[in-house]
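This note sets out the points a reader may wish to check against the coordinates.

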Amino acid sequence: MAGVGRHNVGFGNYLNSRNFKRQALIATGGKLIAVEVKNNLPVKTAVKGWASRAMGELDHNRVLVTSESGNKSILDLSTMQSSEIKRVSDNPWSKVRNYGQLVQRPGQLWCPLEGKRLACYQQSSRTFQYYDVGQEFDKFNFIQPREIALVNTANELYRYQLDQAQLRPVLNGGAPLQLGGTANELQVDNSGILWIASLNGLWRVDPSTGDSKRLGKDTGLVDDRIMCINQAENGELWLGTLGSGVQIYNPKTGALRVLDQSMGLSNNSVVGILADAGGDRWISTFDGITVVSSDGKVLFELTEIDGLAHREFNRHSYLKTSDGMLLFGGVNGVTLMEPQKVKALLTQTDLLRIYLTDIAYFDWFADSEVHRTNGFNQLERVVLPASHRFIKLDFGLSDYSAPEQCSFAYRLLHDNENNPDHEGDAIWTNIGSSSELLLNDLPVGSYTILIRGMNANGQLTETPLAIPVRVQEFFYKTWWFYLLCALPFLLGAYFWIRRLHTERERLEAEVTNRTQQILRDKALIEEQAAKLQELDELKSRFFTNISHEFRTPLTVISGMATQIRQQPGQWLEKGMELIQRNSQQLLSLINQILDLRKLESGALAANLVRGNIVPYLRYIAESFVQLAQTKGLRIHVLANADTVDMDYDPEKMMHILSNLLSNAVKYTPAPGDIYLQIDRRHSETGREHLLVQVKDSGQGISAEALPHIFELFYQVEDLATQKPQGSGVGLALTKELVQLLNGTIEVSSKPGEGTRFLLSFPITREAKIQEGQYIPTVENTAHTGIAPEIAKTQAAPATQASSTGSGQADSGKPSLLIVEDNADVRLYLSACLEPYYQLLLVKDGQEGIDLAIEAVPDLIVSDVMMPVKDGFALCEALKNDERTSHIPIVLLTAKADFESRLSGLRRGADAYLTKPFEQEELLVRLEQLLVLRTKLQERYRNPSFAESPADSEAVQAEDALF
């Protein structure tokens, strides 16, 4: 740095210049100093006026230089003097091809010669060895210690084995591989892969397999005109291109980075790349040399001012000597550099900075243009009015070496942009070397003007200069003005849309409410309809079964009244007993229904007395012992205490226990057991309770029916017959009576294992003490339908008259089988039919089937509703058995509806009588059936009928009748 002039003018510390390209004025210490900068670098030139094309190291400090014109010279690097080689026949250097690639090997320099030959120069002995290759070629390189790859003048790739002098092409589809463009350089990487830089892309050839592949724009390269190759230490290939700068290619991953002029490269036409000892790349171009770090960052740039022979360099003309010196050949000779010394002088240790020296703009408040030359560290946002949208900026760099080669660029960064930290990706506007920037007609908005600089060495400022600006708009172009104008229309539209939206929501809500109400009403109607249908079915079933319960005693009462009238001497006393007993049964059924109605209406109240309840419960159970014995059952009474003093209602307790015991007797098949267990327990609260259990070993109740057995009119199906049993009133009444006495009732059952009812009553002692033991009378037992007389009658087993094998008794009377489960009805039928028939009596359908097959009676009279098997099953079984199919069967039932009659007739019944029936009607029907059977027997015994043709009218009529 040399001072041009010094003047003591009394200035303070200050830096300024009218033209930072040439000089800078420095005021310091009371002196004004004008300075300019010139670099003194270790750069040398030689062979001026030559257009160098190739260089090769002969030995220490001697380099062979070839030119476009064909001249060759030897350059002495110690003196930078060159001696031209005479073109004579005995001088091999004069035969080196002008554009040939010179290849350095340890102690050797290999050169392609004219005449299709290859020369090897031994540096130690300075002797030559020649090889006749057989092809004209310029570019080659070693792929094996004694084998080279070469590209001939037709751009075809060959392999030449030096020891065998054997030349063979590298094939591609059976023909020599055609590169399709001029080959500029052949290089072999660390893994033995051959790379060929050509004007038709980068070729990759594997010498071990012969596989080849072309890399170009179609495979990701930005430019496929490759001028030179340099392999980095990490395996990446630095590819110099003709017009796109340097492409840094990773062969392993295929990744590609580009270094061009926009990033500080001196020119995009790259002709040579050399690496120094520090790993930095020296890149020669058509416009100077750029030094780039190993990570791709531009360090500085060299031009003629730095001592280069010329700015334009030639391809193939670059060399790194054995001692690390770098040579580049161009259109005006050769330039020699010591890379480490040059970098030491040009690599800036401090960060390159850019300074703002002046800013001018129109100030709205001052109503004039203002200038500002200091205080930039606290620079606030500059506000520019809409009518004066301009700003003028002056700035300078902290590096004054070769200031005329510095350049500047600017860009506008809007406040809503999100890449202030990625300035390298932004588009910058280059303003050249001018250190002034005038921006007119700036766009409206808030943004920052960014300015960056680059020194003569290609180094960019790390932090750009930032001037925040807000440019105002004319009020009539602002958004709030448009909004203000549109506000009335927007408000009107808003309220209109709001009204429509509110009305639509109201209508939708109304429709939704109405729809939901309709759905709720529909569901309620369907639920009520289902309940009504279920209730109707329950009542229908109830009345059907209760009618059967009524018809059976009515049949006995009506029939016995007739018998007493016809034979008073024989049937008066017994008939009156039957009539009284069946009347009590009818009264019991009626009282159960009336009691249930009283309970539901609240008219039935508990009449409590205080006393010992255990003997009373024993008495009720013992009244069922005789009835149970007639069915082969045993009743057991178990009590853990002989005395339980408590309040109880004797009549209602009798109804409850009688219903449970009568059901147990009814549904428990013989042999079986029924248990009445009486316990006294204390609850968790300390209160005493009476527990009464009624268990049986009967057929049980199915799991589906168990939750419904206490429902009114619900009838449990008999597991044996799969038909509803009872009237559906008894257990419903029982539950209501238990609850009336503040008790609870629970049931558990398993099909085939029996049923258990558990009753629990609180023990209280508040009622009047009972005087004497309560003993129920006949009137008190009316609700159970069981009186002492029933036990006597039912205790007598069913009688069975003797019969012969022909079905005719000794007395000559026809035999008649009566199948009836009710003892009173059996007794009544016996009274009606005994004078006319020999009677056989059984009490269920299965016994009737067995006795009919065994005795083969002349007639059968059967009830329909019976245990084990009903009358329909009996009729179907006997009519389908050849042994009994001819026996006439008369069905008696309380079901008088058409479907029941039709069902019996379809199963083969010959007659169907409903209870109560007239005795005379029953006798006439039996008589007619017997007469018809007798006629058929006689008809078939007649020989004349046996001789009649099968198709005669008489036979067909008889067959139809039969």
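1. A crossing is called left-handed if the near helix is turned anticlockwise from the far one by less than a right angle, and right-handed if it is turned clockwise. In this predicted model, helix 6 passes helix 7 in a left-handed crossing. The axes of helix 6 and helix 7 (residues 730-740) come within 9 Å and cross at roughly 145°.

2. The residues behind that crossing can be listed for both sides. Helix 6 contributes Lys652, His655, Ile656, Asn659, Leu660 and Asn663, which meet Gly730, Leu731, Thr734, Leu737, Val738 and Leu740 of helix 7. By class, the contact of helix 6 with helix 7 comprises 6 nonpolar, 5 polar and 1 charged residues.

3. Helix 6 (residues 650-667) also packs with helix 4 (residues 613-622): their axes come within 10 Å and cross at roughly 40°. Angles under 35 degrees count as roughly parallel and 65 to 115 as roughly perpendicular; helix 4 and helix 6 are therefore oblique to each other. Their crossing is right-handed.

4. On the helix 4 side of this contact are Ile613, Tyr616, Leu617, Ile620 and Ala621, and on the helix 6 side Pro650, Glu651, Met653, Met654, Leu657, Ser658 and Leu661. The residues of the contact of helix 4 with helix 6 divide into 10 nonpolar, 1 polar and 1 charged.

5. Which residues touch the most other members of the largest nonpolar core? They are Ile613, Leu690 and Phe761, in a core of 44 residues. Helix 6 supplies the largest share of this core, 8 residues. A second, separate core has 31 residues, among them Val556, Ala831, Leu923 and Leu930.

6. Phe761 lies in strand 50 (residues 754-762). Is Phe761 buried or exposed? Its relative accessible area is 2%, and the cut-off for a buried residue is under 20%, so Phe761 is buried. Leaving aside residues up to four places away in sequence, Phe761 touches Met646, Met653, Ile656, Glu688, His689, Leu690, Val738, Leu741 and Gly743. Of these partners, Met653 is also listed in the contact of helix 4 with helix 6, while Ile656 and Val738 are listed in that of helix 6 with helix 7. The C-alpha atoms of Phe761 and Glu688 are separated by 8.8 Å, although the two residues are 73 residues apart along the chain.

7. Leu690 has its own set of partners. With residues up to four places away in sequence not counted, Leu690 touches Ile613, Val644, Met646, Ile678, Asp679, Leu759, Ser760, Phe761 and Ile763.

8. Helix 10 passes helix 11 in a right-handed crossing. Gly845, Gly848, Ile849, Ala852 and Ile853 of helix 10 meet Ala873, Leu874, Ala877 and Leu878 of helix 11. This contact consists of 7 nonpolar and 2 polar residues, with no charged residue.

9. For the chain as a whole, there are 15 helices and 55 strands. Of the 962 residues in the protein chain, 47% are buried. Among contacts with a separation of 6 or more, 58% are between residues 24 or more positions apart.

Methods: Residues numbered from 1 in each chain as written. Predicted model: local features only at pLDDT ≥ 70, side-chain atom pairs only at ≥ 80, totals over all residues. Heavy atoms only, no water. Helix = DSSP H or I, 4+ residues; strand = E, 2+ residues; numbered from the N terminus. Contact = heavy atoms within 4.5 Å. Nonpolar A, V, L, I, M, F, W, Y, C, P; charged D, E, K, R; others polar. Buried < 20%, exposed > 50% of the residue type's maximum accessible area, 1.4 Å probe, protein only. Axes fitted to C-alpha atoms, helices over the stretch in contact; angles between N-to-C directions. Parallel < 35°, antiparallel > 145°, perpendicular 65-115°, else oblique. Core = buried A, V, L, I, M, F, W, Y, C linked by side-chain atoms within 4.5 Å.
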